[in-house]
Amino acid sequence: MNANESDDLIACHECDALFHKRALPRRTSAKCPRCGSLLYRSISSNLDKISAMTLAALFTFLIAQGFPIVELEANGLTSETTLIGAILALWNEQMEIMAVLVFCSTILFPLCELVALLYVLLPLRSGYVPPGFNAILRGIQLVRPWGMIEVFMLGVLVTLVKMVSIARVIPEAALFAFGALTLMFAVVVSFDPRALWDIAARLGPRGSKRVTTTARQKS
Ligand SMILES: [Zn+2]
């Protein structure tokens with residue numbers, strides 16, 4: 001078997017059966033005939049969808065971080081805070097480990113994932129592979145399990161429900177932004193970064209689309 005042949009092979013993640021990979025029509029997927037699990041999806045339509053969703057998620061992320069989450073009103077006193085304000089409050093209350101954990105899981109890792117995804121997605125859409133492509137994709141897979149915006153959202157909602165009895169709770173812009181972000185992340189996370197490796201392999205090493213096209217025409 002030569003290198004080109006092995007590039008075309010894909011193994012089923014459930015039952016280890018080996019198949020030859022074929023280009024799929026838009027909006028279709030290939031399933032393992034032996035166990036029925038998903039092998040891969042068509043990538044062209046996915047790439048546009050996921051680029052748009054990642055960009056939208058990044059803007060929503062900035063809104064969620066920049067605006068207050070809720071305003072609390074009790075005995076004539078009002079107070080409101082942003083997520084970073086809450087993290088600083090944790091830090092000042094001598095809960096440094098908690099503050100670092102919240103910072104990493106709700107700000108740092110989700111932001112890293114979004115920026116890294118855009119860094120690889122936008123050049124791939126334009127037809128070239130960005131420098132450090134492999135390392136960035138591995139990084140995305142590494143930080144992905146540590147982004148926990150949905151856990152944070154659940155915690156905020158539970159707290160709000162509990163606080164309704166002792167204070168007037170007014171939801172602010174960031175709360176809605178976090179709600180939207182939870183849904184957007186569900187879509188972004190459903191995207192398999194392995195598909196990007198396939199696109200990069202098709203485009204060829206950091207050269208350009210043109211090189212690959214001529215190679216194809218010759219063969
Ligand atoms: Zn299988």
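Two residues are in contact if their C-beta atoms, placed from the backbone, lie within 7 Å. With that in hand, here are the close-up views of this predicted model.

**View 1. Helices α3 and α4 meet through residues from both partners.** From α3 (residues 83-92), the contacting residues are L83, I87, L90 and W91. On the side of α4 (residues 96-126), their counterparts are E96, M98, A99, V102, F103, T106 and I107. Two packed helices are described by the angle between their axes and the distance between the axes. Here the axes of α3 and α4 come within 7 Å and cross at roughly 160 degrees, which makes α3 roughly antiparallel to α4. The crossing of α3 and α4 is left-handed.

**View 2. Three strands form an open sheet in the order β6-β5-β7.** The pairing in this sheet is antiparallel. Strands β6 and β7 (168-171) stand at the edges with a single partner strand each, so one side of each has no neighbour in the sheet. On average, and ignoring direction, neighbouring strands of the sheet are turned by 20 degrees against each other. Strand β5 is joined to β7 by four bridges, and E71 has I170 in β7 as its bridge partner.

**View 3. Strands β5 and β6 make a hairpin with two residues between the strands.** Strand β5 (residues 70-74) runs antiparallel to β6, and five bridges join the two. Look for L72, which stands opposite S79 in β6. In this hairpin, N75 takes a positive phi near 50 degrees. How many of the five residues of β6 (residues 77-81) are buried? The count is zero, and the strand is hardly covered.

**View 4. I50 sits in helix α2 (residues 44-66).** Is I50 buried or exposed? A residue is buried if 20 or more other C-beta atoms lie within 10 Å of its own; I50 has 23 within that distance, so I50 is buried. Leaving aside neighbours within four places in sequence, I50 is in contact with L121, V188 and F191. I50 and S190 are 140 residues apart in sequence, yet their C-alpha atoms are 9.6 Å apart in space.

**View 5. Helix α9 (residues 209-218) has the lowest mean pLDDT among the elements of the protein chain, at 39.** Helix α3 has the highest mean, at 92. Over residues 207-219 pLDDT stays under 50, and the model has eight contacts beyond four places in sequence for this stretch.

Methods
Residues are numbered from 1 along each chain as its sequence is written. This is a predicted model: local features need pLDDT of at least 70, side-chain atom pairs count only at pLDDT 80 or more; totals for chains, interfaces and linings use all residues. A residue is buried if 20 or more other C-beta atoms lie within 10 Å of its own, exposed if 12 or fewer, and partly exposed in between; C-beta atoms are placed from the backbone. Two strands pair if DSSP finds at least two bridges between them. pLDDT is the predictor's confidence in each residue, from 0 to 100. Axes are lines fitted to C-alpha atoms, for helices over the stretch in contact, and angles run from 0 to 180 degrees between N-to-C directions. Angles under 35 degrees count as roughly parallel, over 145 as roughly antiparallel, 65 to 115 as roughly perpendicular and the rest as oblique. A crossing is left-handed if the near helix is turned anticlockwise from the far one by less than a right angle, and right-handed if clockwise.
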